[in-house]
Amino acid sequence: MVVLDKEETAPTSLNMPSKKDLLSTAMKRTSEWIFSQEIPSDVTVQVGGVSFSLHKFPLVSKSGYIRKVISESNDADLSVVDIPNVPGGADSFELAAKFCYGINFEISTKNVAMLRCAAEYLEMTEEYAVGNLVGRAEAYLNEVALKSLAGAVSVLHMSQILPPIAEEVKLVSRCIDAVALLACKESQFCMSSRSDSGNDSVISSTIASSKPIVDWWAEDLTVLRIDIFQRVLIAMIARGFKQYDLGPVLMLYAQKALRGLEVLGKGRKKIEPRQEHEKRVVLETIVSLLPREKNAMSVSFLSVLLRAASYLETTVACRLDLEKRMALQLGQAVLDDLLIPAYSFTGDTLFDVDTVQRILTNYIEYDTEGSHFGYKEEDEYISPPPSDLERVGKLMESYLAELASDRNLSVSKFIGLAELIPEQSRVTEDGMYRAIDIYLKAHPTITDLERKKVCSLMDCQKLSREACAHAAQNDRLPVQTVVQVLYYEQQRFRDVMNGSVSSGDSPAVISSRVNLYPTDIHPSSGELSSLKRENEDLKLELVKMKMRLKEIEKSTSAKSAVSSPMGNFTPSSDKPPLPRKSFMNSVSKKLGRLYPFVRADGVSGPGGKGRTRPAKDRRHSIS
């Protein structure tokens, strides 16, 4: 901080003082005499609606602008001077007037920017007085303000609200260069101090985690306007600052600049159009500055930016860029990261399904092709490991289950999203079955054809025992799906009873069985008893289904008998009527050909030619 004292004289050399030095000293003494004698003011200066009653002589002696105005005026007794557009307004002019009168005031990082611009505007240069305000402000900038990072940022912050004259005197560019240089030095010092202070294990763990640490100066940069902030970061990168380390700085800036957005719910925007435009520009600029490296930003932060982008209606390119970045790290996401509200008022779905669908599509393309989607060629791409693929599969099944309860979700959207989930990522179909069950419960009015299409999304062979038991008693599932579940469960039980897997099975079937039953092939006695009980329960459910079908057949046969010509004929009670061909008979014949169930008497499959006809009392048994 520099104090300008009225007793301070202009610097002189050892030689005789020059004419200009003597004139300056005379002016200073004259101004002091004017103040001491309290001479009435002879001019009124108006700046920004504020009037200053001053004297012409001190002002003319140091301000070339005021000298020209008074000398070029036709009025010899000009008493009012209007100075428009003074940088910094009345505050900066007051300090300039104090300087003309030699009154004490302090130059600091808070006022040096407007002092420098006001002095340039008022032409207070060395041409009119030695040690004028321009020289004093420049000396403070070079020797004090721009020597520290905090001072340079403070001056830059004050410069951004000044008119274009701050750019003309190159004040903004000098501050940006100073901030970039000092920030790079500070960052290198912090990195070296961390390496020196930590032991080898700490250093190795830090390198392995690759999580950048927010430096103390990042907080100072958040006060800058977005265009100035962007220029500072570009200058830092040009000076060798790693773009990967800019992630925490951008995150900190976004948290402050985008504060106040209601991005967690659906409703009308509670933000002014001008403020919305400013925040949109901020968001698009931040996205353009994001590091290209993988894992530079967390998925949660990218999800927040994507919600804000949907809320502020940014450009399509901005949203697609965020979607691709999320797809690159989808294996690290959680369910909340995908629950992006749909900010539309057309009565559509609660969550933005199309955005998540595009994210999953990008992830699949990454997995299959390893495409960079516009990233630099030198960026290394590593295909997701199997564990990552399984996490994505479970995540999307959870998202599908969360989405299924939305009554506005159409069948086509549900099926389209479910079909995108990679089949190799689903070890079991329990998650898919849960989502389908929730969807059928929330949409009871869909047609039977749509119900069948929805249920065809899951592979019944991959259902666990608990899921099979639930599906066998689920009235919302189509009959064909329940029969399929019972068939595969019985086939699985037969394989366990046989104690081995047949050689004709495909690898997919073998892998699915191994995944479902990872225990030893030879089951224990307790395992066999539990399997038998479950098998009996499944048989009982199948009997109930047959009885229900027979009741339907009886009701239809009675109606047909009434309408037939022999409707008045009643069969004898001694002889039962001949059995009719029915849907149940056809189903039984087909199941008999497949022979999915194991007989209790140990007879082998239906292919055996030596198969004997069962006794009459066992003819209609399920075993």
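Buried here means under 20% relative accessible area, exposed means over 50%, and partly exposed is what falls in between, using a 1.4 Å probe and protein chains only. This is a predicted model, in which local features need pLDDT of at least 70 and side-chain atom pairs count only at pLDDT 80 or more, while totals for chains, interfaces and linings use all residues. Residues are numbered from 1 along each chain as its sequence is written, and side-chain values use heavy atoms, with hydrogens and water left out.

**The chain overall**

- The protein chain has 27 helices and 5 strands; these are DSSP runs numbered from the N terminus, with helices being H or I of at least four residues and strands being E of at least two.
- Out of 623 residues in the protein chain, 42% count as buried.
- Take the contacts (heavy atoms within 4.5 Å) with a separation of 6 or more: residues 24 or more positions apart account for 71% of them.

**Strand 2 and its neighbours**

- On one pairing, strand 2 meets strand 3 (residues 50–54) in the antiparallel sense over 5 bridges; strands count as paired if DSSP finds at least two bridges between them.
- Gln 46 sits opposite Ser 51 of strand 3.
- Strands 2 and 3 make a hairpin with 2 residues between them, and Gly 48 in the turn has a positive phi of about 60°.
- Strand 2 also runs parallel to strand 4 (residues 80–82), joined to it by 3 bridges.
- Val 81 in strand 4 is the bridge partner of Val 45.

**Aromatic rings**

- There are 6 aromatic pairs in the structure; rings of Phe, Tyr and Trp (its six-membered ring) pair if their centres lie within 6.5 Å, and planes under 30 degrees apart count as stacked, over 60 as edge-to-face and the rest as tilted.
- Phe 52 and Phe 93 make a tilted pair, 5.2 Å centre to centre with 55° between the planes.
- Since Phe 52 lies in strand 3 and Phe 93 in helix 4 (residues 89–101), the pair ties together parts that are 41 residues apart in sequence.
- Both Phe 52 and Phe 93 are buried.
- Tyr 65 and Tyr 121 have ring centres 5.4 Å apart and planes at 35°, so this pair is tilted.
- That pair links distant parts of the chain, with Tyr 65 in helix 3 (residues 64–71) and Tyr 121 in helix 5 (residues 112–121), 56 residues apart.
- Tyr 121 counts as partly exposed, at 22% relative accessibility.
- Lys 62 lies over the face of Phe 99, 4.6 Å from the ring centre; a charge sits over a ring if NZ of Lys or CZ of Arg is within 6 Å of the ring centre and within 35 degrees of the ring normal.

**Salt bridges**

- The count comes to 17 salt bridges, each being a side-chain nitrogen of Lys or Arg within 4 Å of a carboxyl oxygen of Asp or Glu.
- Arg 231 pairs with Glu 167 in a salt bridge, with the closest N and O atoms 3.0 Å apart.
- Arg 231 is in helix 12 (residues 226–238) and Glu 167 in helix 8 (residues 165–168), so the pair ties together parts that are 64 residues apart in sequence.
- Arg 231 is partly exposed at 35% relative accessible area, and Glu 167 is partly exposed at 37%.
- Lys 256 forms a salt bridge with Glu 219, and here the closest N and O atoms are 2.4 Å apart.
- Glu 397 and Arg 426 form another salt bridge, with the closest N and O atoms 4.0 Å apart.
- Glu 397 is buried at 9% relative accessible area, and Arg 426 is buried at 9% too.
- Arg 116, Glu 120, Glu 138 and Arg 174 are linked in a network of salt bridges.

**Asn 362**

- Asn 362 belongs to helix 18 (residues 353–369) and is buried, with a relative accessible area of 11%.
- Its C-alpha atom is separated by 8.1 Å from that of Glu 323, a residue 39 positions away along the chain.
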